[in-house]
Amino acid sequence: MRTKEKNIDKSFIFVLITAFCFGTMEIALKLDGGSFSALQITFLRFLIGGLFLLPFAVRDVKKKGIKITKGDIIYITILGTVGICISMTCFQLGVMNCNANTAAVIISSNPVFTMIFAHYIVKEPFTVRKAIVLVISIIGLIFVADPVDMAEGNTSKGLLYTFIAAVMFALYTALGKLRVAKLGGMVQNSGSFLIAAVIELVIVLVKGDTVISGITLHSLPVLLYTGIVVTGIGYFAYLKSIELSGPSNASVAFFIKPVIAVILAQIILGEPVRWNIVFGVCLILIGSLINMLGARHNK
């Protein structure tokens with residue numbers, strides 16, 4: 001019993017680290033001032049993040065005796081394509097075309113869509129409670145986007161890209177449940193990050209873009225922050241919180257992330273905190289809370 005309580009205490013520390021790292025992501029991406037293209041920054045930050053997680057993945061392979069097959073490599077490649085090449089590239093395009101606070105709230109809604117994909121991919125039941133959560137969260141997203149009276153800095157294109165990113169990241173999360181018991185989170189994430197980085201690099205080169213253009217004394221700190229802190233440490237802390245107390249407790253990070261992002265976007269970027277953002281965040285958090293409490297009750 002004491003061990004379980006200690007794990008929960010440790011997990012909460014990792015949840016807070018996760019929330020801070022993920023909560024500063026949109027602000028950091030905004031601060032690069034458009035120095036990088038969407039493909040380029042996605043390639044660079046997930047290359048750095050994948051390399052950061054690689055030693056932990058190698059340790060797990062040796063410690064747990066994990067045997068990686070051709071099927072596993074194909075699976076990890078699909079994960080990387082969905083979660084990074086599509087989702088995170090769309091997210092970067094979304095951040096470039098809308099406010100950081102709006103992007104942060106929309107991407108934080110991804111756990112709501114995960115339960116839909118999980119129903120079809122890993123046969124998790126889609127209950128009435130989950131349907132209520134989905135409706136509440138979608139209403140919250142509509143308030144956040146506020147298409148009738150869109151906030152200055154938001155564009156329809158930016159909102160669409162960010163919404164696609166949230167849905168595709170949800171698909172990435174649901175797909176990740178298929179072999180996580182065999183491979184472990186570190187192996188799956190590090191592998192998918194690095195393979196996706198290679199794919200992004202190929203696309204960048206085919207387009208004729210240069211990989212290192214935009215890397216200056218001004219943009220380098222932001223690049224290192226998004227690569228090491230947001231992607232590397234953020235995902236490490238998230239995976240550790242899942243390992244210590246399960247995905248339901250770890251998902252609390254997505255409660256805290258939008259709050260941190262909205263506050264920092266106002267302080268650092270001067271983005272106004274409009275009533276619709278606050279109301280939308282509250283609805284999404286209520287939906288997430290109902291979902292999380294339901295998941296714990298069913299255990």
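Reader: How many helices and strands does the protein chain have?
Author: This is a predicted model, in which local features need pLDDT of at least 70, side-chain atom pairs count only at pLDDT 80 or more, and totals for chains, interfaces and linings use all residues. Residues are numbered from 1 along each chain as its sequence is written, and side-chain values use heavy atoms, with hydrogens and water left out. Helices (H or I, at least four residues) and strands (E, at least two) are DSSP runs, numbered from the N terminus. By that rule the protein chain has 14 helices and zero strands.

Reader: What is the radius of gyration of the protein chain, and why does it agree with a compact globule?
Author: The radius of gyration is taken over C-alpha atoms, and the globule rule is 2.2 Å times the number of residues to the power 0.38. For 299 residues a compact globule would have a value near 19 Å, and the protein chain agrees with this, having 18 Å.

Reader: What percentage of the residues of the protein chain count as buried?
Author: Buried means under 20% relative accessible area, exposed over 50%, and partly exposed in between (1.4 Å probe, protein chains only). Of the 299 residues, the buried share is 52%.

Reader: Where is Gln-92, is it buried or exposed, and which residues does it contact beyond four places in sequence?
Author: Gln-92 belongs to helix α4, residues 70-96. Its relative accessible area is 2%, so Gln-92 is buried. Contact means heavy atoms within 4.5 Å. Leaving aside neighbours within four places in sequence, the contacts of Gln-92 are Leu-29, Asp-32, Ala-38, Ile-41 and Thr-42.

Reader: Which residues are joined into one network with Asp-72?
Author: Lys-182 forms a salt bridge with Asp-72, the closest N and O atoms being 2.5 Å apart. Lys-182 lies in helix α9 (residues 180-183) and Asp-72 in helix α4, so this pair links parts 110 residues apart in sequence. Asp-72 is buried at a relative accessible area of 0%. Through salt bridges that share partners, Asp-72 is joined into one network with Arg-179 and Lys-182.

Note on methods:
Salt bridge = Lys/Arg side-chain N within 4 Å of Asp/Glu carboxyl O.
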